Amino acid sequence: MSLSALLSDLFSGDETGAEMPTANARDGNSDGDGDGISSVTVIRECRHCGTNVSAGTAQCPTCEGDEIVTYSIE
């Protein structure tokens, strides 16, 4: 999957397996703007074919591969 396609999916609002969790201020994760919240994008995808999957998925629905990886992007 190309970067432009991934970014398009992330910002389209579609359910693609990407999440936008936030950290509490007490975790010490701050993005430097003083609000104490760090924005992190979490992507889970099949290592074999690159299909985005949701949390808890053990097997890729596209290629049936069982190597699901998680990437955190700050």
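This is a predicted model: local features need pLDDT of at least 70, side-chain atom pairs count only at pLDDT 80 or more; totals for chains, interfaces and linings use all residues.
The protein chain has one helix and three strands, and along the sequence they come in the order α-β-β-β. Of its 74 residues, 26% are buried.

- The mean pLDDT of the protein chain is 74, with 51% of the residues at 70 or more.
- Residues 22–30 have pLDDT below 50, and beyond near neighbours in sequence that stretch makes 14 contacts in the model.

**The chain as a whole**

**Strand S2, the enclosed one**
- Strand S2 covers residues 41–46, and six of its six residues are buried, so the rest of the structure largely encloses it.
- In a regular strand, side chains alternate between the two faces of the sheet.
- In S2, Thr41, Ile43 and Glu45 point one way while Val42, Arg44 and Cys46 point the other way, and all of them are buried.
- S2 pairs with strand S3 (residues 68–73) in the antiparallel sense, over six bridges.
- Within that pairing, the residue opposite Arg44 is Thr70 in S3.
- Thr41 also belongs to S2, and its relative accessible area of 14% makes it buried, because the cut-off is under 20%.
- Thr41 and Ile73 are 32 residues apart along the chain, yet their C-alpha atoms are separated by 5.0 Å.

**The cysteines**
- How many disulfides does a search of the whole structure find? It finds zero.
- A disulfide is a covalent bond between the sulfur atoms of two cysteines.
- For Cys46, the closest cysteine sulfur is that of Cys63, at 3.5 Å, and that is too far for a bond because the sulfurs would have to be within 2.5 Å.
- Seen from the other end, Cys63 is in no disulfide either, with the sulfur of Cys46 as its nearest cysteine sulfur.
- Are these two cysteines buried or exposed? Cys46 is buried, at 1% relative accessibility, whereas Cys63 is partly exposed, at 29%.

**The salt bridge**
- The count comes to one salt bridge.
- Which residues form it? Arg47 pairs with Glu67, and their closest N and O atoms are 4.0 Å apart.
- The pair links distant parts of the chain: Arg47 and Glu67 are 20 residues apart, and each is in the loop between S2 and S3.
- Arg47 is exposed, since its relative accessibility of 54% is over the 50% cut-off.
- Glu67 has a relative accessibility of 47%, so it falls in the partly exposed class.

Conventions:
Residues are numbered from 1 along each chain as its sequence is written. Side-chain values use heavy atoms; hydrogens and water are left out. Buried means under 20% relative accessible area, exposed over 50%, partly exposed in between (1.4 Å probe, protein chains only). Helices (H or I, at least four residues) and strands (E, at least two) are DSSP runs, numbered from the N terminus. Two strands pair if DSSP finds at least two bridges between them. A salt bridge is a side-chain nitrogen of Lys or Arg within 4 Å of a carboxyl oxygen of Asp or Glu. pLDDT is the predictor's confidence in each residue, from 0 to 100. Contact means heavy atoms within 4.5 Å.
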